[in-house]
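Student: Please walk me through some packing and pairing in this one.

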Amino acid sequence: MKTMAIALAALAVIVLVALAGTIAFSAPADIAPMASVENAFEGADFSDMPEKKSYTARDGAMLAYRAYPGDPSRIAVLVHGSSGTTASMHVLARAIHAAGATVYTVAMRGHDGTGRSGDIDYMGQLEDDLADFMKTLGPRRAGELRTLLGFSSGGGFALRFAGGPGGALFDRLILVSPLFAHDAPTVRQDAGGWVSVAVPRYAGLLLLNRAGIHWFDALPTLRMAVDPKRAAETGQTGVYSFRMMRNFGPGDDYLGDFGRFRGPITLLAGTEDEIFVANRFAPVVHGARRDVQVVLVPGINHMGMTTKPAALSAIAAAMN
């Protein structure tokens, strides 16, 4: 018995050392910039973009947003994608605003100069931040319609938020080229070259999290295909910590979130999406909730859903 106990203890030490080494030395590999993302806003007009404003989150942090005042009875809150900024949603925000709505583009903590770049303090902080932002809008007016719109990773996060307690803050959900789980049929290998994931580190941290250990959640696990120099100039975020990667995207039960949100849902994507497989959205979504409207916009790639006239028109129409 003593020999067996010693052997088991030795095995446990070996496993812990191996796990520690995996976590310590596995890091997301460098990845070449993705041209279709890097060049998405060439020729876009930002001359009329509103100045950033800020609101105070529950921990005292000042978080950024931009406001496009319009019809006070039609409110749209827009969530950018991975590495994104409030500016990256400007063209889309302007199109929705032109159709009459009041639009807000929010900077998720860890992005666009808010908080620590690519990191948060705890899982669920992004939901807390969005709930805090909604409090700044004041009580809902009679007849007011509030829409949550998320793009890409922001679409996955919007679905997560809508499927939780915060879903009651919104009447309608619009998902634009949304991220589902990494192993969902809609996601291409390595997101079409957009991301590099430190898989061993991610798996090790996931094991620790399941054991209630969160000491190393600030370690980077995901790198995006952005030019570091350009990211510094534009405020893009190139690397995510484990907890940011886990929080800024869909929940583990993303299909269940479709059913938990009580309002109507529209999903839009471009047929030429190089990050996701557009024609697989409908089968996946309708397996969870049949009444979700899925709209595929011909000839549009991933970022084009936030910049191209055909996509903007389709999204504006979904707002009506």
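Predicted model: local features only at pLDDT ≥ 70, side-chain atom pairs only at ≥ 80, totals over all residues.

Student: At what angle do H3 and H11 pack?
Tutor: About 50°, with axes 9 Å apart, for H3 (residues 90-98) and H11 (residues 309-318). Helices (H or I, at least four residues) and strands (E, at least two) are DSSP runs numbered from the N terminus. Axes are lines fitted to C-alpha atoms, for helices over the stretch in contact, and angles run from 0 to 180 degrees between N-to-C directions.

Student: So what is H3 relative to H11, oblique or roughly parallel?
Tutor: Oblique. Under 35 degrees is roughly parallel, over 145 roughly antiparallel, 65 to 115 roughly perpendicular, and the rest oblique.

Student: Which residues make the contact?
Tutor: H3 gives Val91, Leu92, Ala95 and Ile96, and H11 gives Leu312, Ile315 and Ala316; contact means heavy atoms within 4.5 Å.

Student: Switching to strands, how many bridges join E3 to E4?
Tutor: 6, between E3 (residues 71-79) and E4 (residues 101-106), which run parallel. Pairing requires at least two DSSP bridges between the strands. Leu78 has Thr105 in E4 as its bridge partner.

Student: And which strand does E3 pair with over 6 bridges besides that?
Tutor: E5 (residues 145-151), also in the parallel sense. There, Ile75 stands opposite Arg146.

Conventions
Residues numbered from 1 in each chain as written. Heavy atoms only, no water.
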